[in-house]
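Okay, let's get going. I'll walk you through one model today, starting with how its pieces are laid out.

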Amino acid sequence: MSTSQQDGVAVVTVSGEVDVYTAAKLRAALDEEIAAGRNRLVVDLDAVTFLDSTGLGVLIGRLKVVRNHSGWLRVVCTQDRVLRVFRITGLDTVIGIHDTREDALSS
């Protein structure tokens with residue numbers, strides 16, 4: 001997992017599996033950005049091979065936090081296996097999902 005800044009937006013890049021064992025690392029990375037006053041977040045999940053409900057919970061929880069501070073959270077993902085989880089839960093209508101980092105930053 002890595003974090004960078006682009007045009008005042010925190011970009012958190014995640015790879016591998018996001019599940020009950022690894023979701024805490026994602027939560028910590030997002031919380032660190034939020035604590036630093038960055039409330040516009042892009043979470044790049046394009047290299048994620050598996051996402052479970054714990055990972056979804058982290059994203060929804062941080063979305064609520066940044067929205068309370070007039071911010072936003074957007075996801076980059078083209079992996080069908082991960083996108084299916086968003087579609088099944090209906091979260092694809094709640095979280096903006098984009099094909100590229102550039103799309104997420106500019107929308």
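Contact here means heavy atoms within 4.5 Å. Helices (H or I, at least four residues) and strands (E, at least two) are DSSP runs, numbered from the N terminus.

Quick caveats: this is a predicted model, where local features need pLDDT of at least 70, side-chain atom pairs count only at pLDDT 80 or more, and totals for chains, interfaces and linings use all residues. Residues are numbered from 1 along each chain as its sequence is written, and side-chain values use heavy atoms, leaving out hydrogens and water.

Five strands make an open, mixed sheet in the order 1-2-3-4-5; two strands pair if DSSP finds at least two bridges between them. At the edges sit strand 1 (2–6) and strand 5 (96–98), each pairing on one side only. Strand 3 (residues 40–51) and strand 4 (residues 72–76) pair in the parallel sense over five bridges, and Leu41 has Leu73 as its bridge partner in strand 4.

Leu73 is also among the residues touched by Arg62, along with Arg27, Leu30, Asp31 and Ile34, sequence neighbours up to four places away not counted. Arg62 is in helix 2 (residues 53–67). Is Arg62 buried or exposed? Buried, because its relative accessibility is 13%; the cut-offs are under 20% relative accessible area for buried, over 50% for exposed, partly exposed in between (1.4 Å probe, protein chains only).

Last one: Gly71, in the loop between helix 2 and strand 4, is buried too, at 12%.
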